Structure formats: C-alpha cells, structure tokens
Amino acid sequence: MMHVWIDPGHDTESAALLEAALAPLRVHAPSTCAQLLECLNTSSGTSIADLQAITATAMDGGETMASDVLLSLLQSLGAIGSLRFGSADRAEAVLTLWSMQPDLLPTMDLTIEETLTYRLSRFATLRREGSRLIIERPLSGYRAAIRTDTVTGAKLIALFTEGTTVAGLAQGRIPTAQRAPICAMLAQAGIIAPQDENGLLPEDKDDTLRQWQPQDLAFHAHSRMGFANDPIGATFSFKDEIYAQPALHPEPDNLGRVPLLAPELSMLAATDISLTQAVERRSSRRPQLRRALTLAELGIFLFRTARIRSHFETDIGSFTSRPYPSGGGAYESEIYITAQNIAGLRPGFYYYAAATHELLLLREWDDDCASLAQDALTAMAMTSAPDAVLTFGSRFQRMQWKYAGMAYATQLKTTGAAYMAFYLAATAMGLSPCGLGLGNAATFARLTGQDPHFEGSIGEFALSGPGDA
C-alpha cells in the first residue's frame with residue numbers, strides 16, 4: 001500500500017500549500033476538499049487507499065467530481081515538487097518516491113508481479129544527500145530516497161544489484177507490508193526492472209539504450225531542462241559563501257618569460273583570406289612532411305584567438321573579453337602549451353599569459369611533456385608528434401560559483417567554440433590544426449602542480465607548421 005504526504009520545502013508550511021491547492025477546487029466538491037485537507041494535513045501522511053475511500057464515499061454522496069478533484073490536487077502539488085509517495089507512512093517508509101516532472105504522477109493503483117526477479121538498472125545512480133541515499137535513473141522522471149538509519153536501506157540496494165523477487169526482500173529485513181510497494185514504485189521509476197530467463201533487462205536488449213554509457217546519460221539528463229526539476233542556470237549558489245574566482249588567472253611561478261609577436265590587426269584584415277574561404281578550407285591537418293611552427297607564428301595565432309582584449313569589473317565580479325565566446329563571459333580556461341618543435345622556442349611546458357601576451361616557462365622538457373605529446377600523437381593517429389599541443393586548463397569554480405546543473409556542460413561548449421576560432425585562425429595562416437578528442441588530465445595535473453578539482457584540463461588542440469605542398 002502506497003502512502004502520500006506533502007513536503008513543502010524550507011520556506012512554506014504544508015497547511016498553507018494544501019489550502020492554496022484546494023482553493024480553486026472547493027466549488028466542485030466542498031465536502032471532499034474538507035476531508036482531503038484533514039487527511040493530508042498530517043506530518044505522517046496518509047495512504048492512497050484512504051484518499052480513494054474519501055472520494056468513493058463523496059461520489060456516493062452526490063459529489064460526482066470528487067475523483068477528479070483528488071487527481072487535480074495531486075497534480076497541482078506534484079507540479080511544484082511538493083508531493084512524496086512512500087512505501088509506508090512518513091515515519092516508517094523505507095522508500096520515498098517523487099516526480100521530477102510537473103506532469104508526471106505514479107500510478108495510484110500499484111501492481112507488481114511478485115514471482116519475477118527484479119534487478120537494478122545499469123543506468124541507476126546513487127548518491128548521498130543529507131541523511132538519505134538518493135537513487136534515480138536518468139530520463140525516467142522519478143527520484144527515490146532510501147532510509148539510511150538502519151541496515152535495511154543499504155541491503156535493499158545490494159539485493160536489487162544481485163536480483164531479487166518481492167519475497168526475497170525478506171533477506172534485507174524489509175517489512176512485509178512494504179516489499180510489494182517498494183518493488184512497484186522502483187519499477188515504475190525505471191530504477192529496477194524484471195529480468196528474463198537469460199538475466200537480461202528490457203534495456204539490455206534495446207539497441208538505442210545499449211549504446212548509452214551510464215555517465216553520459218546522467219550528464220545529459222542533468223545538464224538539460226525537462227527531465228529533472230533540480231536548480232539549473234545562473235543560481236549564484238555560492239555568492240554569499242565563497243569568494244568568486246577572479247577573471248585574471250594568478251600568474252604561476254615560472255622559469256622565464258618569452259614575449260610574443262603582436263600583429264597589427266589592420267594588416268591581418270587586409271591580407272587574410274575571406275571568412276567563407278576559411279570556413280570552407282577548414283580541416284584537421286596531420287602532415288608528416290611539414291615546416292616547423294615558428295615562435296612568431298605561435299604568437300600571432302595566440303594573439304588572434306586567445307589574448308585578453310579588455311578587463312573590467314561588474315557588480316558580480318571581474319570579467320575579461322577575448323576573441324572567442326564563453327558561457328556567461330566567464331573565460332574560465334587558460335591556454336598551456338607543450339612545445340616540442342617550435343622554431344625559436346626551447347622545448348618545455350608553457351603558460352600563455354593572455355593579459356601581457358607572453359609565454360611563461362613552467363617546466364623544462366621532461367617525461368610528462370613527452371607523455372602529453374605522445375597522447376596527442378595517439379589521439380591524432382599520427383607517426384610524428386605535433387609541434388605544439390595547446391591544452392585548455394579550466395578553473396572549474398569560475399563557472400560553478402554562478403551556474404547550477406550546467407557548469408561543466410557550458411565549459412565544454414565554450415571549449416568547442418574556442419576550437420572553431422583556433423581552426424579558422426590556423427587555416428587563415430596556413431598552419432596545420434587538429435582538435436583532439438581526448439587528453440590525459442592526470443599528466444596535465446602533474447605538469448601544472450594544481451589540484452585537478454581546482455584547475456584541470458578540459459580540451460586539447462594540436463598545432464603544427466604548414467604542410468609540405
């Protein structure tokens with residue numbers, strides 16, 4: 001038997017919330033509304049069966065819309081995320097389920113095939129939130145909470161990981177009356193499903209779902225609107241708690257400075273190929289026979305694509321302007337160059353100081369530099385390493401301070417926009433560009449000496465000199 005109660009959140013009382021939801025419904029079934037108010041306005045909640053009994057009695061008494069009123073009430077409360085369904089009353093429920101979509105409610109009449117074996121979906125994710133274990137399957141529209149104050153909740157996960165029937169839940173000391181509701185609620189949420197004679201779930205035989213990796217599906221579901229009601233967007237969650245990362249990256253300790261050539265933009269505009277030509281000629285180039293990239297070319301390339309054009313203050317912090325677009329104008333990424341074969345520049349690991357248009361030598365060429373170059377070579381399927389690998393080092397908290405749900409996704413989009421700027425500039429200059437799909441974040445962390453949670457690599461771009469015509 002499933003139970004229901006109202007969870008209004010921190011700023012609203014359940015009684016006030018219930019009154020507001022019932023107000024427009026009283027004209028249709030006043031007696032029903034009064035009984036629903038009394039029944040639902042309890043801290044422990046009430047059973048679905050009791051709610052259905054109220055409406056059945058009211059309809060027999062002449063309030064023909066009583067059933068519709070109950071459904072409208074539940075939909076109204078569910079739409080604002082205030083409705084919770086449990087495997088027992090609030091105090092005893094092992095499992096609590098709620099909808100993450102405004103138009104989604106679980107089936108009131110729970111049925112379950114008790115002889116089938118149910119197993120956890122490979123897409124199910126588990127995390128701690130306060131004192132609860134939160135479990136969900138992306139895109140299902142539901143989220144569940146499992147009690148952690150007894151061994152029951154943890155055992156429940158273990159049993160469904162192995163596969164269990166309703167009766168098998170007895171091994172986890174799940175109360176008898178809650179076993180069928182738990183299975184029915186989790187199955188409705190897509191978190192568990194019945195396995196066939198070969199031990200396969202329906203998702204294991206679905207050609208579309210088989211191609212999704214669990215981490216990709218979870219990332220997709222939670223960085224887009226529509227399938228979850230979690231906060232997303234510019235929430236400024238840490239505005240009054242944590243100091244925002246400044247727009248200008250603190251200058252790292254270095255072994256020396258290398259000034260770069262800064263071209264006249266008017267001269268470039270006069271001699272460049274057209275935008276249409278650059279777009280049409282753009283391609284990833286991996287010439288084996290080529291002239292080495294020069295320091296002057298690297299300087300012009302970085303000036304065109306990554307320099308800081310201006311720095312300014314606002315009421316929500318400092319910002320910069322650079323040639324490529326960035327989500328929220330954050331410009332959270334900095335450019336690091338692993339230089340292997342640049343004419344006029346000794347091999348090593350450099351930081352591009354975008355404000356002063358210089359290279360700062362952070363590391364002489366060493367095994368980590370060679371490893372990063374080798375990874376680029378592998379990603380490009382080449383037999384010789386590129387002249388330089390440009391790594392985007394992201395200061396993650398620059399985005400996380402402002403955005404919820406979409407912080408990492410936005411950084412990937414910004415990196416993609418920067419890739420296109422890099423491609424177009426390299427094409428206009430006749431260089432050999434190649435965006436890389438993979439890089440080693442651990443190698444980058446060793447090279448920078450930074451905590452990878454604070455600043456880590458998020459993209460790599462190979463750049464070499466012109467190919468031999």
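This is a predicted model: local features need pLDDT of at least 70, side-chain atom pairs count only at pLDDT 80 or more; totals for chains, interfaces and linings use all residues.
Figure 1. The charged end of R307 is placed over the ring of F303, at 4.1 Å from the ring centre.

**Figure 2. The edge-to-face aromatic pair of F301 and F422.** The structure holds 15 aromatic pairs. In the pair of F301 and F422, the rings lie 5.1 Å apart, centre to centre, with 65° between the planes. This pair links distant parts of the chain, 121 residues apart: F301 belongs to helix 11 (residues 295–305) and F422 to helix 14 (residues 407–429). Both F301 and F422 are buried.

**Figure 3. The tilted aromatic pair of F392 and Y419.** Because F392 lies in strand 19 (residues 388–395) and Y419 in helix 14, the pair ties together parts that are 27 residues apart in sequence. F392 is buried, with a relative accessible area of 1%; Y419 is also buried, with a value of 15%. Ring pairs join F392 and Y419 with F301, F422, Y423 and F461 in a cluster.

**Figure 4. Buried residues of helix 2 and their cover.** Within helix 2 (residues 30–40), the residues T32, C33, L36, L37, C39 and L40 are buried. Their cover includes strand 1 (3–6), helix 1 (14–22), strand 2 (46–47), helix 3 (48–60) and helix 4 (66–79).

**Figure 5. The setting of G317 in strand 14.** Strand 14 comprises residues 317–321. G317 is partly exposed, with a relative accessible area of 23%. G317 and Y243 are 74 residues apart in sequence and 9.5 Å apart in space, C-alpha to C-alpha.

Note on methods
Residues are numbered from 1 along each chain as its sequence is written. Side-chain values use heavy atoms; hydrogens and water are left out. Helices (H or I, at least four residues) and strands (E, at least two) are DSSP runs, numbered from the N terminus. Buried means under 20% relative accessible area, exposed over 50%, partly exposed in between (1.4 Å probe, protein chains only). Contact means heavy atoms within 4.5 Å. Rings of Phe, Tyr and Trp (its six-membered ring) pair if their centres lie within 6.5 Å; planes under 30 degrees apart count as stacked, over 60 as edge-to-face and the rest as tilted. A charge sits over a ring if NZ of Lys or CZ of Arg is within 6 Å of the ring centre and within 35 degrees of the ring normal.
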